[in-house]
Amino acid sequence: MSATGISRTVRRTAVLVAALSLLLSASAWAAPQRVAVLPFTANAKEDISYLVKGVRDMLASRLAWQDKVVVIEPDLVAPVMKEVPPPYNEAKARKLGSKLSADVVVYGSITALGSTVSVDAQVVRVKGKQPPLSTFVQAADLNQVIPQINDFAKRINAEIFRRPEAVAAMQKQKRQEENSAPQAAASGKPLVEAPKTPAAEWQQKRAVEVGKLPPNISPLNPLFLRSLSGVDSDRYWRSPRIDGVVESLAVGDIDNDGLNEMVVLLPKRIRVYRLDGQRFGLINEFRKGPDGEYLFVDIADLDGNGRPEIFVSNIINGEIVSFVLEWGKGGLAIKAKGIPWFFRAQPNPTGKGMIVWGQGKSISSAFAGPVYRMKYENGQYLPDKPIQLPQYANVFNFVRADLNGSGHPMTVMVAPGFRLKVFGKPDDELFASGEMYAGSSKFIEVPSHSNNDPSNPGDEPAREFLPTRLIINDLDKDGRAEIVVVRNKDSLQGIMENMQFFYQGTIYSLYWNGMSLMENWRTPRISGYLTDYTIADVGNVGRPALVLSVVQTKYGGMVEKGFSHIVAFTLKPQAKKKKHIIKRTKGL
Ligand SMILES: [Ca+2]
Ligand SMILES: [Ca+2]
Ligand SMILES: [Ca+2]
């Protein structure tokens, strides 16, 4: 334990050094300006909250400017909006802005009448008496609104923040407008005219061709790229901040009411959330659980009573003391504890329902004995049949998947060194990836071998890093499973041995082409450390979503403080008709 203490101190010191150097470079700059983007008021018969969110996210992503402009988190804006409620005008926007210590406040309204959409937006500088910057955008089609909001963001960047590239673009556009002014006046200018820059022309053209997605965009979600460059955009849902580090998550209908819940594993706590339409609510928290280090949570109805159990793989002093919860009267209750097995659930690759794998450990190693398919018998969770797996496989690093639709599942495994490997038979390696996947900072400590050597006692224990989950799904419904897995990027990789810090991650979907795992799509880069993920109808809207836990760790003094968000991307598996680039994100 003291070795852990020392390594934690080293780790904190490393981060402090990193934080200090960031601080030094930042101090050369003025403090960034703070912008509050208020949710626009919706005037419409139907629910256009997806559009309100889309506009907000778009403005936020376009206005954010490293070290210069910070967009205040919606979670921080919301409570102040209760003190200063809408509708907003210039004076109220200033009042709200000063409560938030904002320099600039953006507010407005969106009106939808039939298919016509108009957006009215105001930008107020909190200090001083300058008039607000405003715009009014009207379009016959949703898809034409977004490029115009984008143009407005450019105007804000030019006129308020004096962002050089935006200023240059504005000046160029002005000159062009002056040159063509006489003709425009004669012909009668349309209500809104897109500027005649090449980019705007392209956007107009794109708006016309909007029935087609660009070839590099996955129809599952317009944010997902099929090619190899990143995007920075906004078609996702993000939970309010969750205090603490979310170690793992799983989704299932744990109380059997027909709606899915999200089970979130925190150190010493298990929380149950429900996302229903727009609401994200904590419905239960289980606190009095067994001691230990909670590693992973999985959901499966192994006892077959129709109500899924929640499996928590847990370790204390080198021993597995896993436990199982089930929904009882008004909350989670212990069904079994002190179970000497690690658990991992996966969909049955060739049938229905879930399979739960189990594996034990020994004092001298993180995993011991074969991986078993687990069963529930006489009130106990017990090993049933062992399965044949490749060397180095363990309960947490593999998945069985019918990659070619043959009905004969293969084994996909995160091999040592975080390479993805595919095996036909256990000794038949078919593929090994060049890239590293499933990187994680979760580990099990095992005594180093030299501990058995009396001449060298007290050596620091070794760490067996546990990869993140491999998940299988057949989103394109061709009968062949795809593998979904993260690539977490490590900011200090190579600098410090035996330690891993992740600062951004991307989720990949991979398919088997008969020889290799090939990229199908990927999400945008997500800042933070992606600890776990699943694909499930988490929003209870009849459509699956890619659900991720994203962890940010902050260091104040010597105290390590983490917080997390759940992020979900809508998936539209059967996107035959792609009428709008803007997809409804309502409740995912
Ligand atoms: Ca439920
Ligand atoms: Ca059950
Ligand atoms: Ca497939």
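A residue is called buried here if 20 or more other C-beta atoms lie within 10 Å of its own, exposed if 12 or fewer do, and partly exposed in between, with C-beta atoms placed from the backbone. The model is predicted: local features need pLDDT of at least 70, side-chain atom pairs count only at pLDDT 80 or more, and totals for chains, interfaces and linings use all residues. Residues are numbered from 1 along each chain as its sequence is written, while chains are lettered from A and ligands numbered from 1 in the order in which they are written.

**View 1. Helix H2 and its buried residues.** Helices (H or I, at least four residues) and strands (E, at least two) are DSSP runs, numbered from the N terminus. Take a look at Tyr50, Leu51, Lys53, Gly54, Val55, Arg56, Met58, Leu59, Arg62 and Leu63, the buried residues of H2. The expected span of a helix is 1.5 Å times one less than its number of residues. For the 15 residues of H2 (residues 49-63) this gives 21 Å, which agrees with the 21 Å between its end C-alpha atoms.

**View 2. An open sheet of four strands.** The order is E18-E19-E20-E21, with antiparallel pairing; two strands pair if DSSP finds at least two bridges between them. At the edges, E18 (342-347) and E21 (380-387) each pair on one side only. Between E18 and E19 (residues 354-362) there are six bridges in the antiparallel sense, and here you can find Phe343 with its bridge partner Gly358 in E19.

**View 3. A cis peptide bond between Pro86 and Pro87.** Omega of this bond is about 0°. Pro87 sits in the loop between helix H3 (74-83) and helix H4 (90-99). For context, most peptide bonds are trans.

**View 4. Positive phi at Ser101 and at Asn317.** Most residues other than glycine have a negative phi. Ser101, in the loop between H4 and strand E4 (104-113), has phi near 50°. Ser101 counts as exposed because it has 10 C-beta neighbours inside 10 Å. Asn317 has a phi of about 45° and lies in the loop between strand E14 (309-316) and strand E15 (319-320). Asn317 is exposed too, with 11 other C-beta atoms within 10 Å.

**View 5. The largest nonpolar core.** Such a core is a set of buried Ala, Val, Leu, Ile, Met, Phe, Trp, Tyr and Cys residues joined through C-beta atoms within 7 Å. This one has 96 residues, and Val412 is one of those with the most contacts inside it. Apart from this core lies another, of 39 residues, including Ile48 and Ala121.
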